[in-house]
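Here is a short note to read alongside the model. Please keep the sequence and the structure open while going through the points.

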Amino acid sequence: MINVKPLSSKRQGVYISTYGCQMNENDTERMLSLLEMVNYEPVNSPDQASLIIINSCSVREKPVHKVHSEVGRYKELKKNNPDLLIGVGGCVAQQEKTRLLTDIPLLDFVFGTDAIDELPDIVEKLKSSHQKIAKVRFEHQKPYQIQTLVRNPGVSTFVNITKGCDNFCTFCVVPFTRGRERSRALAELVKDVQSLVQRGVKEVTLLGQNVNSYKSACGANFAQLLKTLSRETDIQRIRFTTSHPKDFNEELVQVMFEESEKVMEYIHLPVQSGNSKVLERMNRGYSREEYIQKVKMIFKYLPQAVLSTDIIVGFPGETEEQFQETLSLLDEVPYESLYAFKYSPRPFTKAARFSDQLPEDVKSERLQRLFDKHKSIAQQLSQKYVGKIVQVLVEKTSEGRGIGRSTQNKVVHFPLKGEQELVGKMVDVQVSEAFPQTLRGHLL
Ligand code: 5AD
Ligand code: SF4
């Protein structure tokens, strides 16, 4: 969560607009922490800033266009203040590299996904030399050694455990924008989490493009990492995202079961398609049947597990019958949340070169049918919470209400009783009303 303070007179303002996933949100927090060390403070609007950064995402739909149009909106600001610095970071910067500087003359700098820690240096150089800067090299050779940087960590925070991805799903640009997969050292993660605990953090979400392929230099895998963090730190709750079905193995589910006091029972397990032929063309490394087997294994150990997924509709060559199999998967796997997208061709990827691309109207219509089907399923699934007691970690209180998340990752609202300070505490809430993402109830 980004915390914005009023700008004090000596400091300069930085405005960052963030697109995309939690990884990008976490990168933005890292940028703000680094820039704070060189006297920048976040501001609420671009016109208060002397530094504007677009932290871009290129996973889906018109990313370059979005960067062009956002920078275009800053034209007047730059005209009135020639010292205003404007830069682009994140996946579009990594993908387009120096081309962005040529195509968008208002830009002063681009920096790739491996250059975030160089940001203070880049900004200092820009101020002294007034020369445009591009830092877009991958640092494949260096070990992934960082420390979580977060200014006001609050109750719950993100911790990167891996960067990059080696899976090369044929639709996905990430291996090209985030580079080869690298894992942080186990001992450093233990230290990192423990120092967050000392700053008051109660819950961490371990982040990576594919967390379950975590492999530390000492040979520990993701299951061992979870176990170690659970046993050797005082963190109260551990979440993780995103899991790849092909790497979700029995050892991991066993550890989730053994450590279920701390490791939350919510699993985001992107399936992408319910048809094995499409999955093969996507290079996902599992079939529909193997995916369903993994889900059964999860429920065998963790009957209370809550699942969510990502689905792409209209992948090249997807037939109506194949799409029907994606629809029917929803009857077999009880997804409480669904993130679904129309396939969009991405640069460098194999699927962008497949000759059987589908028309936009077919993709839109399938997406709608998928959402319609899931909506009623999610509503039905949510009703199981009514009357139940959920354990909530309170993240904030506002206007007489407490707000936090349950072990199942549902946002829970409840009226406060009295003056007791509840932020950071674990409370029991009895649910009176349930919606797919949110539960309402009262404190016990
Ligand atoms: N088109 C549509 N959706 C995509 N995703 C990734 N690449 C594409 C693409 N080219 C979706 C996948 C992934 C999520 C983060 O974004 O479902 O899991
Ligand atoms: Fe992209 Fe596949 Fe890697 Fe996920 S696992 S980031 S979808 S290539």
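1. His413 has Arg440 in S19 as its bridge partner. The two strands concerned, S17 (residues 411–415) and S19 (residues 438–443), pair in the parallel sense over 3 bridges. Pairing requires that DSSP finds at least two bridges between two strands. Strands (E, at least two residues) and helices (H or I, at least four) are DSSP runs, numbered from the N terminus.

2. S17 and S19 belong to a closed barrel of 5 strands, which runs S15-S16-S17-S19-S18 with mixed pairing. On average, neighbouring strands of this sheet are turned by 50° against each other, direction ignored. Here the axes are lines fitted to C-alpha atoms, for helices over the stretch in contact, and angles run from 0 to 180 degrees between N-to-C directions.

3. On the basis of the note: this is a predicted model, in which local features need pLDDT of at least 70 and side-chain atom pairs count only at pLDDT 80 or more, while totals for chains, interfaces and linings use all residues. Residues are numbered from 1 along each chain as its sequence is written, chains are lettered from A and ligands numbered from 1 in the order in which they are written, and side-chain values use heavy atoms, with hydrogens and water left out.

4. Which residues surround ligand 1? They are Val59, Arg60, Phe171, Gln272, Asp310, Ile312, Phe341, Lys342, Tyr343, Ser344 and Arg346; a residue is near a molecule if one of its heavy atoms lies within 4 Å of it. This shell divides into 5 nonpolar, 2 polar and 4 charged residues. Ala, Val, Leu, Ile, Met, Phe, Trp, Tyr, Cys and Pro count as nonpolar, Asp, Glu, Lys and Arg as charged, and the others, Gly among them, as polar.

5. Ligand 1 also has polar contacts (pairs of N or O atoms within 3.5 Å; within protein, one must be able to donate a hydrogen and the other to accept it, and residues adjacent in sequence count only if both atoms are side-chain atoms). An oxygen atom of ligand 1 lies 2.6 Å from a polar side-chain atom of Arg60. Polar backbone atoms take part as well: one of Phe171 is 2.9 Å from a nitrogen atom of the ligand, and one of Ser344 is 2.8 Å from a nitrogen atom of the ligand. Taken alone, ligand 1 exposes 400 Å², of which the protein buries 86%; such areas come from the Shrake-Rupley method with a 1.4 Å probe, and for residues only the protein chains shown count as cover. Strand S13 (306–313) and strand S14 (335–342) are the elements that give two or more residues to the shell.

6. The shell of ligand 2 includes Cys165, Phe168, Cys169, Phe171 and Cys172. It divides into 7 nonpolar, 3 polar and 1 charged.

7. Some backbone angles deserve a check. Most residues other than glycine have a negative phi, and most peptide bonds are trans. Phe168, in the loop between strand S8 (162–163) and helix H7 (174–177), has a positive phi near 50°. Phe168 counts as partly exposed because its relative accessibility is 34%; buried means under 20%, exposed over 50%, and partly exposed in between (1.4 Å probe, protein chains only). Phe348 has a positive phi near 70° and sits in the loop between S14 and helix H14 (360–382). A cis peptide bond, with omega about 5°, joins Thr241 and Thr242.
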